[in-house]
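Student: I would like to learn how to read a structure model feature by feature. Could we start with the ligand and then go through the protein?

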Amino acid sequence: MSYRAGRHFLQIPGPTNVPDRVLRAIDFPTMDHRGPEFAELGKTVLEGMKRVFRTVGQVVIYPASGTGAWEAALVNTLSPGDAVLMYETGHFAALWQKMALRLGLAPEFLAGDWRSGVDPGAIEQRLRADAEGRVKAVCVVHNETSTGVTSRMAEVRKAMDAARHPALLMVDTISSLASIDYRHDEWGVDVTVAGSQKGLMLPPGLSFNAISDKALAASRAAKLPRAYWNWDEMIASGKSGYFPYTPATNLLYGLREALQMLEEEGLEQVFARHRRHAEATRRAVRAWGLDVLAANPAEYSASLTAVLMPAGHDADRARRVILENFDLSLGTGLGRLAGKVFRIGHLGDFNDLALMGTLAGVEMGLELARVPVRREGVQAAMAYLAECRAKPARAAA
Ligand SMILES: *Cc1c(COP(=O)(O)O)cnc(C)c1O
């Protein structure tokens with residue numbers, strides 16, 4: 001491989017581009033995780049993560065990918081054979097469901113079309129039919145990264161309340177936290193699952209659970225075997241800023257910096273920036289003459305856009321042409337969407353001109369791959385971004 005000048009464009013929906021400030025923060029000698037200095041770091045990142053989750057409850061941090069935090073959510077709260085209600089928003093929901101099966105739970109998977117979010121009405125109906133309270137948890141993906149669809153979590157909560165059902169609510173926010181508005185406490189979520197390598201702008205390797213009091217109470221009665229993932233020791237050590245086993249110390253340096261950056265920009269501004277980039281991307285897609293996969297405007301994801309390929313054109317071939325020519329990585333179609341869509345990640349440390357570079361790479365690459373598109377996408381996105389600068393109030397809408 002020869003040297004490729006300039007920065008690689010990592011526009012997959014996670015891992016995302018790691019900002020220089022975070023890379024520099026990581027690049028320090030690893031400290032004694034039982035020493036006095038560590039406690040300050042541990043407390044700072046745990047408190048900072050509570051603000052990002054919007055919770056006053058417990059947060060635990062695992063040295064693991066997001067998949068580990070999925071497992072932690074299930075094994076800490078449930079018992080063998082427990083019924084859990086899951087919703088097929090796409091590939092990631094299907095993987096979580098498969099994990100629940102492997103752990104010996106009894107997931108019930110409400111069918112979805114891989115273009116829409118969780119249907120709160122379907123959740124309500126199913127829970128109303130469960131008068132005996134057999135369903136112990138509702139587990140859903142907030143932002144389905146395989147489809148670019150964001151579910152309306154506040155409405156899912158309302159549906160559960162309307163059904164007066166006591167099930168726990170567990171939500172995967174791996175590709176939405178710190179990119180899309182999310183409120184653990186306000187939305188009555190019991191366990192929120194998150195990861196480091198998407199909106200939090202870190203390399204892969206950390207994952208998180210935010211935990212309600214109700215989930216903690218459930219964990220006392222839960223009987224699934226758990227050791228590495230056990231919340232008890234994590235929470236007990238976390239009170240003084242420590243971890244029960246060796247934490248990913250250098251990633252925690254990076255997390256402290258990333259949290260500082262999010263606070264400097266302000267979470268509301270971070271969310272508005274993601275919405276702006278998502279809208280500009282959708283305008284580009286339509287101006288190319290293509291469609292976004294997400295079916296409902298109220299569920300468009302602000303962190304990524306899945307783009308449908310015209311019939312007879314392979315999305316992975318186009319992705320390859322784009323990578324070879326422009327050093328730009330796009331997300332592949334996952335599961336049943338393989339070859340049919342490519343995904344543009346516009347989350348994390350990203351700005352208007354980086355988005356324009358990305359869209360220019362896609363437009364030129366689609367043409368090189370002989371996908372029939374109009375050369376008008378970049379122009380449409382640029383016009384929108386310029387308009388947002390001229391009329392900031394409109395951009396916030
Ligand atoms: C990326 C992602 C995962 C998987 O996380 P890993 O860190 O790869 O284990 C799970 N759910 C969603 C919604 C994701 O975007």
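This is a predicted model: local features need pLDDT of at least 70, side-chain atom pairs count only at pLDDT 80 or more; totals for chains, interfaces and linings use all residues.

Student: Which side-chain atoms lie 2.6 Å from an oxygen atom of the ligand?

Tutor: S65 has a polar side-chain atom at 2.6 Å from a ligand oxygen. K198 also places a polar side-chain atom 2.6 Å from an oxygen atom of the ligand. On its own the ligand has 380 Å² of accessible area, and the protein covers 88% of that.

Student: Which of the residues around the ligand come nearest?

Tutor: There are 13 residues around the ligand, and the nearest are S65, T67, T145, D172 and K198. By class, the shell holds four nonpolar, seven polar and two charged residues.

Student: Which element gives the most to the shell?

Tutor: Helix α3, residues 66–77, gives the most, with three residues.

Student: How do I read burial? Take S196: is it buried or exposed?

Tutor: Burial is read from relative accessible area, and the cut-off for buried is under 20%. S196 has 0% relative accessibility, so it counts as buried. Its place is in the loop between β9 (191–195) and β10 (207–211).

Student: What is S196 in contact with, leaving aside its neighbours within four places in sequence?

Tutor: The contacts of S196 are M201, L202, P203, P204, G205, L206 and F208, once neighbours within four places in sequence are left aside.

Student: Next, cysteines. What is a disulfide?

Tutor: In general, a disulfide is a covalent bond joining the sulfur atoms of two cysteines. To count one in a model, look for a pair of cysteine sulfur atoms within 2.5 Å. By this rule the count here is zero disulfides.

Student: Are C139 and C388 buried or exposed?

Tutor: C139 has a relative accessible area of 2%, so it is buried. C388 is buried too, with a relative accessible area of 5%.

Student: Let us move to polar contacts between side chains. Which side chain does E367 make a polar contact with?

Tutor: The partner is the side chain of R375, at 2.6 Å. E367 is found in helix α12, residues 352–368. With a relative accessible area of 35%, E367 is partly exposed, since that class lies between the buried limit of 20% and the exposed limit of 50%.

Student: How far apart are E367 and V321 in sequence and in space?

Tutor: E367 and V321 are separated by 46 residues in sequence and by 9.8 Å in space, C-alpha to C-alpha.

Student: And D352: where does it lie, and what does its side chain make a polar contact with?

Tutor: D352 lies in helix α12, and its side chain makes a polar contact with the side chain of R276 at 3.1 Å. At 12% relative accessibility, D352 counts as buried. Not counting residues up to four places away in sequence, D352 touches R276, H277, L385 and R389.

Student: Now the backbone. What values do most phi angles and peptide bonds take?

Tutor: Most residues other than glycine have a negative phi, and most peptide bonds are trans. Against that background, the peptide bond from G14 to P15 is cis, with omega near -5°. P15 lies in the loop between β1 (9–11) and α1 (20–26).

Student: What is phi of W114, and of A178?

Tutor: Phi of W114 is near 60°, a positive value in a residue other than glycine. W114 is in the loop between β4 (106–110) and α5 (120–128), and at 6% relative accessibility W114 counts as buried. A178 is not a glycine either, yet has a positive phi of about 70°. A178 sits in the loop between β8 (168–172) and β9 and is buried, with a relative accessible area of 3%.

Notes. Residues are numbered from 1 along each chain as its sequence is written. Side-chain values use heavy atoms; hydrogens and water are left out. A residue is near a molecule or strand if one of its heavy atoms lies within 4 Å of it. A polar contact is a pair of N or O atoms within 3.5 Å; within protein, one must be able to donate a hydrogen and the other to accept it, and residues adjacent in sequence count only if both atoms are side-chain atoms. Accessible areas come from the Shrake-Rupley method with a 1.4 Å probe; for residues, only the protein chains shown count as cover. Helices (H or I, at least four residues) and strands (E, at least two) are DSSP runs, numbered from the N terminus. Ala, Val, Leu, Ile, Met, Phe, Trp, Tyr, Cys and Pro count as nonpolar, Asp, Glu, Lys and Arg as charged, and the others, Gly among them, as polar. Buried means under 20% relative accessible area, exposed over 50%, partly exposed in between (1.4 Å probe, protein chains only). Contact means heavy atoms within 4.5 Å.
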